Amino acid sequence: MSLGDHLEELRQRLIYSILVVSVFMTGTLYFGSEIHTFLIQPYKSVLGPDAHFFQIQLMAPFLIYLKTSFILSVLVSLPFLLYILWGFIAPAVDTRTEKWGKFIILFSTLLFWSGLALCWFTVFENFLRVFLVILRPDGVDPYLPIDEYYDLFFNLHLVFGASFQLPIVLILLGRIGILSSRFLISRWREAVLIIAVVSAVLSPGPDVFSMLMLLVPLSFLFFLSAIIMKVLETTDRK
């Protein structure tokens with residue numbers, strides 16, 4: 001294929017991606033009120049059912065609806081978007097790599113969603129409780145501006161989702177020869193220490209619980225990556 005043909009195919013795949021996100025955005029906008037009610041549950045759980053938000057900027061609620069709709073649409077359609085992108089890359093690789101690429105897309109998506117789920121079920125509400133209740137001085141109104149709440153919500157969840165891509169990064173580095181399972185296993189103490197430092201920096205609160213909620217799963221994913229790399233290396237030698 002000529003350069004022009006490649007650019008034309010890329011353009012078509014970008015159009016497909018936009019259409020996929022647009023379809024999901026239509027649904028999320030239609031159910032925007034229900035989604036908002038669901039996403040503020042941690043806030044209500046911490047401050048009570050009568051907790052409310054402040055509107056500081058005139059267009060904040062409208063922009064939040066659009067931002068929430070777009071981010072959720074991208075997250076839900078992530079496997080479709082990655083598959084469309086992989087369809088552009090696949091013709092340039094061999095059959096075995098193509099099969100591994102599809103597996104990585106699925107594995108990466110599941111890991112990302114797992115990070116989001118961990119943050120939603122165990123971390124985010126604890127984060128709000130620490131800063132809105134435990135560390136809040138007397139006489140300070142605990143209620144947040146609506147846009148600040150959603151910024152905290154998405155930033156924290158995306159940090160956890162991105163952190164759970166650790167096995168993908170390590171396995172890919174192993175496949176191109178930069179890392180090996182033997183190196184990872186021999187340096188596991190240093191790796192856990194680095195993960196602990198990163199977890200302390202990225203954890204939502206000053207308490208040990210928040211750090212452990214990131215440290216434990218990332219450490220598990222590190223060792224899982226080493227095992228998968230060992231299996232792949234053994235397979236390559238056969």
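These are my notebook entries on one protein chain, taken from a predicted model.

**Entry 1: the overall fold**

I began with the secondary structure. I counted 11 helices and zero strands in the protein chain. From the N terminus on, the elements therefore read α-α-α-α-α-α-α-α-α-α-α under the DSSP numbering. I then looked up the extent of the C-alpha trace. Along its principal axes the trace spans about 70 × 50 × 25 Å. Next came burial. Of the 238 residues, 39% are buried. The chain exposes about 14,100 Å², and carbon and sulfur atoms supply 71% of that area. I also checked how far apart in sequence the contacting residues are. Among contacts between residues at least 6 apart, 83% join residues at least 24 apart.

**Entry 2: the nonpolar core**

Which residues touch the most other members of the largest nonpolar core? I found Y43, F124, L128, Y149 and Y150, in a core of 52 residues. Several helices each supply at least two residues to this core, among them α2 (32-39), α3 (41-47), α7 (146-163) and α11 (208-237). The largest share comes from α6, with 12 residues. I noted a general point here: in soluble globular proteins, nonpolar side chains tend to be buried together.

I took a closer look at Y149. Not counting residues up to four places away in sequence, Y149 touches L39, I40, P42, Y43, F53, F124, L128 and L144.

**Entry 3: aromatic rings**

I looked up ring pairs next. The count comes to 17 aromatic pairs. Ring pairs link a cluster of F38, Y43, F53, W120, F124, F127, F131, Y149, Y150, F153 and F154.

In α8, I found P167, I168, L170, I171 and G174 buried. After α8 comes G177, with a positive phi near 90°.

Then I turned to S219, in helix α11. Is S219 buried or exposed? S219 is buried, because its relative accessible area is 12% and the cut-off for buried is under 20%. Leaving aside neighbours within four places in sequence, S219 contacts V192 and I195.

**Entry 4: a nonpolar patch on the surface**

I also searched the surface. L29, L58, M59, F62, L63, Y65 and L66 form a nonpolar patch there, with about 710 Å² of accessible area together. Helix α4 gives the most to the patch, with four residues. I picked out L63, which lies in α4. L63 is partly exposed, with a relative accessible area of 44%.

**Entry 5: salt bridges**

How many salt bridges are there? I counted three.

One joins the side chains of D151 and K67, at 2.7 Å from N to O. This pair links distant parts of the chain, since D151 is in helix α7 and K67 in helix α4, 84 residues apart. D151 is partly exposed at 34% relative accessible area, and K67 is partly exposed at 35%.

Another joins E125 and R129, at 3.1 Å from N to O. E125 and R129 are four residues apart in helix α6, so about one helical turn separates them. E125 is partly exposed at 27%, and R129 is partly exposed at 30%.

R187 forms a salt bridge with E190, and their closest N and O atoms are 3.5 Å apart. R187 is partly exposed at 43%, and E190 is partly exposed at 37%.

Notes: Residues numbered from 1 in each chain as written. Predicted model: local features only at pLDDT ≥ 70, side-chain atom pairs only at ≥ 80, totals over all residues. Heavy atoms only, no water. Phe/Tyr/Trp six-rings, centres within 6.5 Å; stacked < 30°, edge-to-face > 60°. Core = buried A, V, L, I, M, F, W, Y, C linked by side-chain atoms within 4.5 Å. Buried < 20%, exposed > 50% of the residue type's maximum accessible area, 1.4 Å probe, protein only. Contact = heavy atoms within 4.5 Å. Patch = residues over 30% accessible without salt bridge, like charges linked within 9 Å, V, L, I, M, F, W, Y side chains within 5 Å. Areas by Shrake-Rupley, 256 points an atom, 1.4 Å probe, with all protein chains shown as cover. Salt bridge = Lys/Arg side-chain N within 4 Å of Asp/Glu carboxyl O.
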